[in-house]
Amino acid sequence: MDCAECALHVQRALEKLPGVYQAQVYLAAEKAVVQLDPSRVTLPLISRAVSGAGYSVTMDVGKGAVAPGSRSSRLPSPVLGLYAGLFTLVLLIVIVGEWMGLFAYINDLLPFWLGALLVLAAGSPLFLKVIKAALHRQVLSHTLMSLGVLAALLVGEWVTALVVIFFMNVGDYTERYTAGRARSALKDLAQLTPRRVRVERDGSEVEIPV
């Protein structure tokens with residue numbers, strides 16, 4: 001899931017199951033809290049509902065331990081520097097390509113069918129994600145950009161389409177990277193929850209599991 005609408009889509013799929021009273025899907029934590037009748041709802045049934053919504057689910061029942069680590073959702077400085085360098089390079093290529101006719105030269109140098117194959121090969125993972133979401137009546141962040149790629153191909157500008165796909169892939173990687181680190185930070189925070197507590201019983205304190 002990469003947006004709030006995705007989480008809501010999964011939540012509605014779970015709530016439609018007979019025997020589910022309430023479901024809450026958390027995007028950042030990639031978790032679902034479900035109130036259900038265990039005699040009517042099973043874990044495989046929940047898994048099929050999530051798959052039917054266009055996503056996959058991993059259930060690790062009874063294992064709440066997560067390896068600790070001090071990670072944050074902020075990108076490290078070297079990664080930020082790399083992205084800045086890549087964007088500067090691509091923008092420079094775009095400017096030079098437009099002003100000096102480099103794009104037009106490359107566009108005419110290779111046959112259109114070969115350029116179109118390069119575009120499809122580079123963008124196939126994102127295109128499949130967009131198509132899968134469309135089949136489930138969803139609009140993703142890459143949907144409009146994919147339409148832009150299609151429009152560039154229709155007018156024969158496959159080089160422009162390839163540049164757009166590059167930015168789409170960089171954006172997709174950045175999104176997954178930052179979301180993964182945010183989830184790790186949430187899991188690390190959950191590990192700080194006390195496992196034992198002191199309570200007063202019959203005038204004296206005893207320590208028991210939470």
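Trainee: What makes Glu207 and Arg196 a salt bridge?

Mentor: The closest N and O atoms of Glu207 and Arg196 are 2.9 Å apart. A salt bridge needs a side-chain nitrogen of Lys or Arg within 4 Å of a carboxyl oxygen of Asp or Glu, so the pair qualifies. Keep in mind that this is a predicted model, in which local features need pLDDT of at least 70 and side-chain atom pairs count only at pLDDT 80 or more, while totals for chains, interfaces and linings use all residues. Residues are numbered from 1 along each chain as its sequence is written, and side-chain values use heavy atoms, with hydrogens and water left out.

Trainee: Which elements does the Glu207 pair link?

Mentor: Glu207 sits in strand 4 (residues 204-209) and Arg196 in strand 3 (residues 196-201), 11 residues apart. Strands here are DSSP runs of E with at least two residues, and helices are runs of H or I with at least four, numbered from the N terminus.

Trainee: Why is Glu207 called partly exposed?

Mentor: Its relative accessible area is 46%. Buried means under 20%, exposed over 50% and partly exposed in between (1.4 Å probe, protein chains only), so Glu207 falls in the middle class. Arg196, at 44%, is partly exposed as well.

Trainee: How many salt bridges does a search of the whole structure find?

Mentor: Two. Arg198 and Glu205 also meet in a salt bridge, at 3.8 Å from N to O. Both Arg198 and Glu205 are exposed.

Trainee: What makes Phe166 and Phe167 an edge-to-face pair?

Mentor: Their ring centres are 5.8 Å apart and their planes stand at 75°. Rings of Phe, Tyr and Trp (its six-membered ring) pair if their centres lie within 6.5 Å; planes under 30 degrees apart count as stacked, over 60 as edge-to-face and the rest as tilted, so this pair is edge-to-face. Phe166 is partly exposed at 29%, and Phe167 is partly exposed at 23%.

Trainee: Which residues touch the most other members of the largest nonpolar core?

Mentor: Val10, Leu14, Leu17 and Tyr55, out of 17 residues. Such a core is a set of buried Ala, Val, Leu, Ile, Met, Phe, Trp, Tyr and Cys residues joined through side-chain atoms within 4.5 Å. Helix 1 (4-15), strand 1 (20-26) and helix 2 (43-52) each give two or more residues to this core, and helix 1 gives the most, with five.

Trainee: What does Leu17 touch?

Mentor: Leu45, Ile46 and Ala49, not counting residues up to four places away in sequence. Contact means heavy atoms within 4.5 Å.
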